Amino acid sequence: MHNHDFEAIWSELKLTLEWHEDFSLFFVFVENTQASFALKQRLDDFMRSHSKPLRRIKPKTQTDLPNKVIDEIFDANAGHSPVWIALTQVDQEGIWNTLRAKTLATLNKRRSQLEDIVKSPIFIELPYKCAANVVTWAPDIWSVRQQIIELPFNIQLNTKLSQTEAETSHEPLLSSVQLDEAIYQTRAKIEQLQSTVTNQGRRHLSIALDRLGDLLSNIGQLPEAKAAYTQSLAIRQQLQTSLGDSPQVLRDLSISFDKVGNIELQLGDLPAAKAAYMQSLAIRQQLQTSLGDSPQVLRDLSISFDKIGNIELKLEDLPAAKVAYTQSLAICQQLQTSLGDSPQVLRDLSVSFDEVGDIELQLGDVPAAKAAYTQSLAICQQLQASLGDSPQVLRDLSVSFNNVGDIELQLGDVPAAKTAYMQSLAIRQQLQTSLGDSPQVLRDLSVSFDKVGNIELQLGDVSAAKNAYMQSLAIRQQLQTSLGDSPQVLRDLSISFDKIGNIELQLGDVPAAKAAYMQSLAICQQLQTSLGDSPQVLRDLSVSFDNVGDIELQLGDVPAAKAAYMQSLAIRQQLQKSLGDSPKVLRGLSVSFDKIGNIEQELGNLPAAKAAYTQGLTICQQLHTSLGDSPPVLRDLSVSFDNLGNIEQQLGDLPSAKAAYTQSLQLDRQLQTNLGDTVTVLRDLTISLNKVAEIEQQLGNLISSTHLHTQSDEIADKLKTL
């Protein structure tokens, strides 16, 4: 194969592999090690998607050749995974070349066994200059070769990696066995490099430490990962002192600051994460000034803007997050224009569209969010068509399906949301089959089960929802056992307990619901103690207090319920002071005022209840003005008018009660027009119709009351069929 375009080589090889699953022989002559790295990674991802991960054989010392390598090739317990035999080592004395020739001569003698025993593709990787010798060393196996793959220095490698990335990259999704082996090998490499004194040796040590940090982060050993990243950063700062601000030194530094930011984010220290990301961004802007808009410089900048956007989103500065994400997207589109549709360019673009979708959704612009998510999904499907079912491609696709599901749920299209969530779950179960129970695979699965549970609950199938939530909880408890009490593990657990509490409450098991809610609250308080008052911690805590208040109210302990609701309200007012009137903050406040209104109503303090409900309604109207007629906004507004109608009725002001109930009914009818006859829409309609009918009856309008009751009964009958 004499094509010097990497993507063309890969496309042809992938097509060959799809047709030849049994024995086939490929000779790979390598001059460009970066291209070899990329090819192995593509090949491993592709074969892993077929549940046949690449088996790599590489002699560690000269004594491994030929016998040990030959034994590994013919290992009867290795199964039928494809084999990659790396025979690329060189030395000045030519010893490796002699051993390479002996190994190929031995394989040549055992050609028949090779075909009979190794019933899978075999890739023999050799130095580029050996191409002319193989026909002499191994004429028989050369004659049955399937393809020759040449990777010269000048190969067109659109997926180009910098040296740092090539040395630190690893499969995006690794099985547990692969993670253990990778950690072992990386620790050995670090030990080997510890005594090095040269600048190049110190740089290699920093790269190995970054790699170790990545692997430890994958298995939840966050303090250990932080130690590795911090040591790597210190080495790179020393190199900057001794070597000055060369592009390589600066780029390495920026990568270190990114990694430190990532680990601080995982540990919940948002200010420290932001500080690290800002240092990385400053370095990359300095490189842009000195080097111009090279693809590498631009891509690094886009990554920095993504990370700044992520941290601003966590800190709930939505306008700042949107600015950062938009800058990143613009750079990705600029790179697509200059570089074309390479896999790396497309994946970066897909991630950027996802992030723009996230921020538009938070800001309440549902159509803009849907447009961004849809573009991201289309790119993911394009990558799947060109690259096949690699783990990274599949995971990206599952994330896109979840995002599309979220937006369809926001728009009220519950069947479309369920379809998207089920597609995502199926992909993640496929990844579990091929990769095993790695932490990333398990967490993704738990998120999918939560989303399926949410949708089943929307559809009224409480048993199916409970089953999904229980599966998610079991996975998260498994992760807690293996990873310990990291902030992410704990927060996921608290969410699961909240969902179990919700479902038990719907099923009428109040003690079980209370137990689940109390477990969630305890975890939230544990996170507050360890992480402080970050917006996410405070918001989660306010939700937990609301849930505890709900259950205490169900159990008849009104003072305990009021105490919980007041704690939740105080937290949300604290968030409003620090974050301003973002849609999320305002909606949380409106929920709190509604709950305070409920409790004051229970205590018989009707003026206080009316004041709380009026505050909740005012906030909902404010959100309606800023966000428009999105389904969640309309439904919240409808509930607020219901609450106000209830209190006006109790106060004896029937005309005001009728006015409020009628507005709620109009909103429910608008939702029916927009969303169709979903379970939630129809249930809300029956409630509104009955409330207006009751008021009409009290006002003496019996014909109107009867007509409204009839409409409610007809809808109730329709609900029984759904």
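Helix axes here are lines fitted to C-alpha atoms over the stretch in contact, and their angles run from 0 to 180 degrees between N-to-C directions. The model is predicted: local features need pLDDT of at least 70, side-chain atom pairs count only at pLDDT 80 or more, and totals for chains, interfaces and linings use all residues. Residues are numbered from 1 along each chain as its sequence is written, and side-chain values use heavy atoms, with hydrogens and water left out.

Helices are DSSP runs (H or I, at least four residues), numbered from the N terminus.

| Helix | Residues |
|---|---|
| α12 | 247-267 |
| α13 | 270-291 |
| α15 | 318-339 |
| α28 | 631-650 |

Take the pair α12 and α13. Their axes come within 8 Å and cross at roughly 160°. That makes α12 roughly antiparallel to α13 (angles over 145 degrees). The contact of α12 with α13 has 15 nonpolar, 6 polar and 4 charged residues. Here Ala, Val, Leu, Ile, Met, Phe, Trp, Tyr, Cys and Pro count as nonpolar, Asp, Glu, Lys and Arg as charged, and the others, Gly among them, as polar.

S328 sits in α15. S328 counts as buried because its relative accessibility is 0% (buried means under 20% relative accessible area, with a 1.4 Å probe and protein chains only). Its side chain makes a polar contact of 3.3 Å with the side chain of S352 (a pair of N or O atoms within 3.5 Å, one able to donate a hydrogen and the other to accept it).

Helix α28 has 20 residues. From first C-alpha to last it reaches 29 Å, close to the 28 Å expected at 1.5 Å a residue (1.5 Å times one less than the number of residues). Of its 20 residues, 16 are buried. Just after α28, G652 takes a positive phi of about 85°.

Technical notes. Helix = DSSP H or I, 4+ residues; strand = E, 2+ residues; numbered from the N terminus. Buried < 20%, exposed > 50% of the residue type's maximum accessible area, 1.4 Å probe, protein only. Parallel < 35°, antiparallel > 145°, perpendicular 65-115°, else oblique.
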